[in-house]
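Me: I would like to learn how to read helix packing and salt bridges from a model. Can we work through one together?

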Amino acid sequence: GMSDYALLSNQWLGKAEEKLDERVSAEARYKKIIELRPADFDGYLALAQLYFSLDRGPDAARVLSDARERVTESADVRRALGQSELTRDRSEQALTEFQRALELSPRDVESLFGKAMALRRLGRLDEAMATLNEAVGRDANLPGLALERGRLFEAQGRTDEASAVYTHALEQRPNDPDLLLRLGAAQVAAGNFAA
């Protein structure tokens, strides 16, 4: 009916305006979507992602916490909450959210990946590596996997292996700034940097 059309046009226009950098109206439209469909996660997620892109972490967290109360629990909701907690450096809370997402959807590779990141940040490096390997086994092309695997090797003091991971990943993506940066750091740490 009409409300479906209004919802779709709001979402579409919201995305378009975000591209045009009219962030205020994108924000207003996402809020409108939440108002129209308070039990659907999409509006909350779009608004939270907008806030994250603007470095408004506390606002994003507030939106996701509203979602936690109003939206039917799902792996998507829990994963987004986990990612929000990681962004705020709350690794313990992030781990809880990712584990809940995996209870709801055991094959969710992005939640596995998030769980591995949270474990690395908590210094639980062996568990992190096992979790990351499980994620790789499900989807070897998941964005950010090489970077995370390299960071894990770095955290374990295995800088040569970290360098090898970054070098291999750079063959696919030669200009990836994150990979270039980590490779430089790993080489400096390994003392292999030819000045």
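This is a predicted model: local features need pLDDT of at least 70, side-chain atom pairs count only at pLDDT 80 or more; totals for chains, interfaces and linings use all residues.

Me: Which residues of helix 8 are buried?

Reply: Buried means under 20% relative accessible area, exposed over 50%, partly exposed in between (1.4 Å probe, protein chains only). Helices are DSSP runs (H or I, at least four residues), numbered from the N terminus. In helix 8, Leu125, Ala128, Met129, Thr131, Leu132 and Ala135 are buried. They fall within an arc of 165° seen down the axis, so they line one face of the helix; the arc is that of the directions from the helix axis to the C-beta atoms. Asp126 and Gly137, on the other side, are exposed.

Me: What do the buried residues of helix 8 pack against?

Reply: Contact means heavy atoms within 4.5 Å. The partners are helix 7 (109-121) and helix 9 (145-155).

Me: How many salt bridges are there?

Reply: A salt bridge is a side-chain nitrogen of Lys or Arg within 4 Å of a carboxyl oxygen of Asp or Glu. The count comes to 23. In one of them, Arg68 pairs with Glu97, with the closest N and O atoms 2.4 Å apart. Arg68 lies in helix 4 and Glu97 in helix 6, so the pair ties together parts that are 29 residues apart in sequence.

Me: Is Glu97 buried or exposed?

Reply: Glu97 is buried, at 6% relative accessible area. Glu97 also forms a salt bridge with Arg78, at 2.7 Å between the closest N and O atoms.

Note on methods
Residues are numbered from 1 along each chain as its sequence is written. Side-chain values use heavy atoms; hydrogens and water are left out. Helices (H or I, at least four residues) and strands (E, at least two) are DSSP runs, numbered from the N terminus.
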